[in-house]
Amino acid sequence: MSRPGNRALGILCVCLVLLGAGVFAGVRWARDWQGSVTLLANWSGTEREQFEEHVIEPFEEEYRIDVVYQGSSALSQVLAADIAAGDPPDVAVLPGPGELLAYAVDGRLHPLDDLFDAADYDRFWAPRVTVPGQGAHTYWLPVKTGLKSMVWYAGQAPTAESAGPPARWCAGMESGATSGWPGTDWVEDILLQQAGPRVYEDWADGSLP
């Protein structure tokens, strides 16, 4: 099956398209589909259903590209195994830039420079990464953001003249099956602000007593 052109892949990356395998495969072939791409991500359940309905299906109807979704809760391990086997997905959705940076430096990511309008993204969200021998390019784009470490409180917002934090406040810690990570992020934020990045790095690599 032929691969779609770079422009179509760029649209796929920017729109964050993923799909469960083709239920209507026979109909698709009859309607002149232009190829397929594979996408690896960790969404399941309601998130996957909503994305299929509101993003995947409209994308496929417009661009005639079959998107094969590969879902896994062990995202990093599956991606590493696929790469080692020489069969990586066309698009991968990873939870943070650290892992993406490692793959970019290793030369395993293709630049997206010509596949999106740079004016639509601040460089914080779509940074140009310098890879030895390849120059500076954009290798990833944001497709979803999540607010965390948020505080809710009653009364007026604190100011520089305020005498300390609000007397009553709360933080949200529930996140379904993954409950707990907002709390760990709070610990990280407090440690970073009070002790600085050097202590944080020592804590992360296990060298801090």
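The following legends describe close-up views of a predicted model.

**View 1. Strand β1 and its covered residues.** Strand β1 spans residues 36-41 and is mostly covered, with 6 of its 6 residues buried. Ser36, Thr38 and Leu40 point to one side of β1. Val37, Leu39 and Ala41 point the other way, and these residues are buried as well.

**View 2. The pairing of β1 with β2.** Strand β2 comprises residues 66-71 and pairs with β1 in the parallel sense, over 6 bridges. Within this pairing, Val37 stands opposite Val67 of β2. Together with helix α3 (residues 45-63), β1 and β2 make a right-handed β-α-β unit.

**View 3. The pairing of β1 with β3.** Strand β3 (residues 91-92) runs parallel to β1 and is joined to it by 2 bridges. Here Leu40 stands opposite Ala92 in β3. Leu40 is also one of the buried residues of β1.

**View 4. Thr138 in its loop.** The loop that holds Thr138 lies between β5 (135-137) and β6 (151-153). Thr138 counts as buried because its relative accessibility is 0%, and buried means under 20%.

**View 5. The surroundings of Thr138.** When neighbours within four places in sequence are left aside, Thr138 is in contact with Pro111, Leu112, Asp113, Phe116, Arg123, Ala126, Pro127 and Arg128. For Pro127, the backbone oxygen lies 3.5 Å from a polar atom of the Thr138 side chain.

Conventions: Residues are numbered from 1 along each chain as its sequence is written. This is a predicted model: local features need pLDDT of at least 70, side-chain atom pairs count only at pLDDT 80 or more; totals for chains, interfaces and linings use all residues. Side-chain values use heavy atoms; hydrogens and water are left out. Helices (H or I, at least four residues) and strands (E, at least two) are DSSP runs, numbered from the N terminus. Buried means under 20% relative accessible area, exposed over 50%, partly exposed in between (1.4 Å probe, protein chains only). A polar contact is a pair of N or O atoms within 3.5 Å; within protein, one must be able to donate a hydrogen and the other to accept it, and residues adjacent in sequence count only if both atoms are side-chain atoms. Contact means heavy atoms within 4.5 Å. Two strands pair if DSSP finds at least two bridges between them. A crossover is right-handed if, with the strands pointing away from the viewer, the path from the first strand over the helix to the second runs clockwise.
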